[in-house]
Amino acid sequence: MVHAMRRSIAALLAASLLVALSLANAALAQTTPPPSPAAPPANAPATLRYFNRDIVVLRVPFFGNSPERRARVAEANIARLIDEPGAAKVTYQAVPQGVAILMSGQLVGVLVPGDADALRGQTLDQLRAQAVSRLTLAVDAAEQARMPRRVLTGLMWVVVGTVVAFGFLWLLRRFVLRVRHRVDAWVTRRLAQLKSESARQLATGLVASARGLARVVTWLIVLLVFEEWLRFALGRFPYTQPWASAMTQWITQRTTGFGNAILSALPGLFSALLIFLLARVVTQAVRITFHGVEAGRFQLLGVDQQLAEPTRKIVTALIWLFALAMAYPYLPGAETEAFKGLSVFVGLMVSLGASSIVGQAAGGFTLLYSRTMTPGDVVRIGETEGTVQQIGLFTTRLRTPLGVEVSYPNNVVLGGMLHNYSRNPDGPGMWIEAAVTIGYDAPWRQVHRLLLDAAQRTPNIQATPAPFVAQAALSDFYVEYVLRARIADVQQRLIARSTLHANIQDTFNEAGVQIMSPNYEADPEAPKIVPKAHWEGIESSAAPTGGKEDAPA
């Protein structure tokens, strides 16, 4: 790494030396710049330049010479007078037409009253002073560029600046590597202490983002060092000093503008911070209040334990929205057209793309505050029966008796039919039903007794209220009987219903009463029953055979 660093420094020094020599040769061989490929418009203002510096802007023709020709002739005169022996001294002399600019007593050009910038209120005297001062600086710089000692001094300073820049970058690299190793070791230890996988993944993502930000900051520092080195190198040679001054002016303007923007934004940011802090205090008070409601210590404006959590979230969201609306005018850039356009664009996107989401959220609020159902209730939505797990902002989740979780959009729940089996005036629990079809030849009193006997054999069925049998329909070939019984634990409804069906089969088989199929064709030769001796599946050669009838229900 050290050898590579040395090779890089040597290459940069050589490149800097070549660049400096090229600039020095260009300065020594300064001549009239080549004409522009496109001819300027007639009588258009032209800038008199010498040695990479703007001297004066000529705005009007003079004795038939356009401003462009006047500027080029003056540049040629300056270059000619510089080449003469002796130090060229810039002076001026008043003439009837205006002011004559002289070098070593010889004419360079004439400034006329029309050359002054009338829009800025500039006078001919001000224009003359500006031209003499700039030309003096340009002539001094051109004469200094001819001195080998000044060129060698500039090269020496470029070499020193290059070594300092490379040394700083080398130290920066060592510092970044050392900090990175220490931070990586600390992050690895902290991640190993986290027990939650989600928290570990979140922390890993944050660490990756921090590393990317650190790389961006490092490259910004490298670019800043390069910019400072380039500005320093350009400022060591007379010909390139204007470029260094332009870079300095640009950086100064940007830094000053950035600092002024920060200072002007501080009062607004302070006001917005106060608003957000006040909103934070209010939300904390709301949270403590609704936690008391959720714990059952008291009720607030009709809000009970069930509605405490969603109401707290709604109130908190409203508080923060109100705080954002109040703090919006104080945010930096809030009054700019770009910020306003972005706000309108975001609002349009939300209004067009979130209509269904808003409808579902409204449906969720309706389900919560209308108390149509609550978590833990056994309901039927469409063809799905299950226990309500959660009434969310956008969806309602059910868990079926088989353990399958089903989610319904809230607007679908509101738009369809909902059966709540947990809402009953008899108290907690739910009613379960079992329907059978029995022929008209079986006494209905016996059927009632058999069904109630099956209910008594079934565990978890409550004695109070007592089970009862209802004759739901008198069909063409059979009577439909419905047994209704109540259980206390709604989570056991599937097991209780299955056990009840099994007990119904046992009691009817013991009594020799046939349970008929709804698809009835004819009476069998022998009743379709299972003797008790064959309840465990023992085969019998004397098992009765039936007629054309479906399997019993």
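The model is predicted. The protein chain has 553 residues, and 31% of them count as buried. Its secondary structure comes to 12 helices and 13 strands. Across the whole structure, 20 salt bridges are found.

**Overall make-up**

- The protein chain exposes about 33,900 Å². Carbon and sulfur atoms supply 63% of that area.
- Take the contacts between residues at least 6 apart in sequence: 61% of them join residues at least 24 apart.

**Salt bridges within helices**

- In helix H2 (residues 67-83), arginine 72 and glutamate 68 sit four residues apart, about one turn of the helix. Their side chains meet in a salt bridge, with an N to O distance of 2.2 Å.
- Glutamate 227 counts as buried because its relative accessibility of 16% is under the 20% cut-off. Arginine 231, at 22%, counts as partly exposed.

**Other salt bridges**

- Glutamate 405 and arginine 397 meet through their side chains in a salt bridge of 2.9 Å, N to O. Glutamate 405 is partly exposed, with a relative accessible area of 38%.
- Arg59, Asp117 and Arg120 are linked in a network of salt bridges.
- As a general point, side chains of opposite charge can pair when their charged atoms come close.

**Nonpolar surface patch**

- Seven names make up a nonpolar patch on the surface: Phe168, Leu213, Val216, Val217, Leu220, Ile221 and Leu223. Together they have about 640 Å² of accessible area.
- Helix H5 gives the most to the nonpolar patch, with six residues.
- Leucine 223 lies in helix H5. Leucine 223 counts as exposed because its relative accessibility is 53%, over the 50% cut-off.

- Strand S8 (residues 395-399) pairs with strand S9 (residues 405-409). The sense is antiparallel, over five bridges.
- Threonine 396 stands opposite tyrosine 408 in S9.
- The hairpin has five residues between the strands. There, glycine 403 takes a positive phi near 90°.
- In a regular strand, side chains alternate between the two faces of the sheet.

- Arginine 70 is placed in helix H2. Arginine 70 is buried, as its relative accessible area is 10%, under the 20% cut-off.
- Leaving out residues up to four places away in sequence, arginine 70 touches Leu58, Val60, Pro61, Phe62, Asn65, Val110, Leu111, Val112 and Asp115.

Terms used. Residues are numbered from 1 along each chain as its sequence is written. This is a predicted model: local features need pLDDT of at least 70, side-chain atom pairs count only at pLDDT 80 or more; totals for chains, interfaces and linings use all residues. Side-chain values use heavy atoms; hydrogens and water are left out. A salt bridge is a side-chain nitrogen of Lys or Arg within 4 Å of a carboxyl oxygen of Asp or Glu. Helices (H or I, at least four residues) and strands (E, at least two) are DSSP runs, numbered from the N terminus. Buried means under 20% relative accessible area, exposed over 50%, partly exposed in between (1.4 Å probe, protein chains only). Patches are made of residues with over 30% relative accessible area and no salt bridge: like charges are joined within 9 Å, nonpolar side chains (Val, Leu, Ile, Met, Phe, Trp, Tyr) within 5 Å. Accessible areas come from the Shrake-Rupley method with a 1.4 Å probe; for residues, only the protein chains shown count as cover. Two strands pair if DSSP finds at least two bridges between them. Contact means heavy atoms within 4.5 Å.
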